[in-house]
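Here's a quick briefing for anyone meeting this structure for the first time. Take a look at it, then read on.

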Amino acid sequence: MAASRLPPSALTLKQFLRRQQVLQLYRKILRAIREVPAEADRQYLKDWAREEFRRNKDATEEDAIRMMITQGNMQLQELERTLKLAKS
């Protein structure tokens with residue numbers, strides 16, 4: 001059998017797809033935060049989001065990562081609902 005040409009640090013397909021989900025969630029959160037009217041609140045939320053993602057960047061356990069993505073999506077939905085209510 002031929003040796004793999006991939007470096008040992010290469011991501012598996014599952015890891016690559018999960019990473020894409022995390023990046024997509026991060027971008028969606030930052031886009032939603034742009035809609036916050038108060039500059040101080042916007043900066044607080046941006047700092048909070050960055051810190052949460054940085055704090056969990058070394059997570060490797062699949063179940064934990066899935067749970068964090070689910071929790072992040074729920075927080076994003078809550079932020080979007082709050083922003084929608086504030087505009088109406």
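Of the chain's 88 residues, 15% count as buried, where buried means under 20% relative accessible area, exposed means over 50% and partly exposed is in between, with a 1.4 Å probe and protein chains only. Keep in mind that this is a predicted model, in which local features need pLDDT of at least 70 and side-chain atom pairs count only at pLDDT 80 or more, while totals for chains, interfaces and linings use all residues. Residues are numbered from 1 along each chain as its sequence is written, and side-chain values use heavy atoms, with hydrogens and water left out.

**Overall build**

- You'll find 3 helices and 0 strands in the chain, with helices (H or I, at least four residues) and strands (E, at least two) taken as DSSP runs numbered from the N terminus.
- Going along the sequence, the pattern reads α-α-α.
- The chain is more spread out than a compact globule, because its radius of gyration is 17 Å, well over the 12 Å that the globule rule gives for 88 residues; the radius is taken over C-alpha atoms, and the rule is 2.2 Å times the number of residues to the power 0.38.
- The C-alpha trace spans about 65 × 20 × 20 Å along its principal axes.

**What the record says**

- UniProt, in an unreviewed entry, lists residues 20-78 as "domain: Complex 1 LYR protein"; its positions are given in the numbering used here, feature names are shortened, and annotations may be inferred rather than shown by experiment.
- That stretch, residues 20-78, is 81% helix and 0% strand, and its end C-alpha atoms sit 22 Å apart.

**Contacts, surface and charge**

- Among the chain's contacts with a separation of 6 or more, 70% come from residues 24 or more positions apart, a contact being heavy atoms within 4.5 Å.
- About 7400 Å² of the chain is accessible surface, and 54% of that belongs to carbon and sulfur atoms; the areas come from the Shrake-Rupley method with a 1.4 Å probe, and for residues only the protein chains shown count as cover.
- There are 18 positive and 12 negative charges, and their mean positions are 7 Å apart. Lys and Arg count as positive and Asp and Glu as negative, with His and the chain ends not counted; each charge is placed at NZ of Lys, CZ of Arg, CG of Asp or CD of Glu.

- R18 is part of helix α1, which covers residues 13-33. Its relative accessibility is 16%, so R18 counts as buried.
- Leaving aside residues up to four places away in sequence, R18 touches E62, I65, R66 and I69.
- L83 belongs to helix α3, residues 62-87, and counts as buried because its relative accessibility is 12%.
- Not counting residues up to four places away in sequence, L83 touches A32, E35, V36 and P37.
- L83 and R66 are 17 residues apart along the chain, and their C-alpha atoms are separated by 26 Å.

**Two partly exposed residues**

- R31 is in helix α1 and, at 44% relative accessibility, counts as partly exposed.
- A59 sits in the loop between α2 (39-55) and α3; at 30% relative accessibility, A59 counts as partly exposed.
- A59 touches I65 and M68, again not counting residues up to four places away in sequence.
- From A59 to R18, 41 residues apart along the chain, the C-alpha separation is 12 Å.
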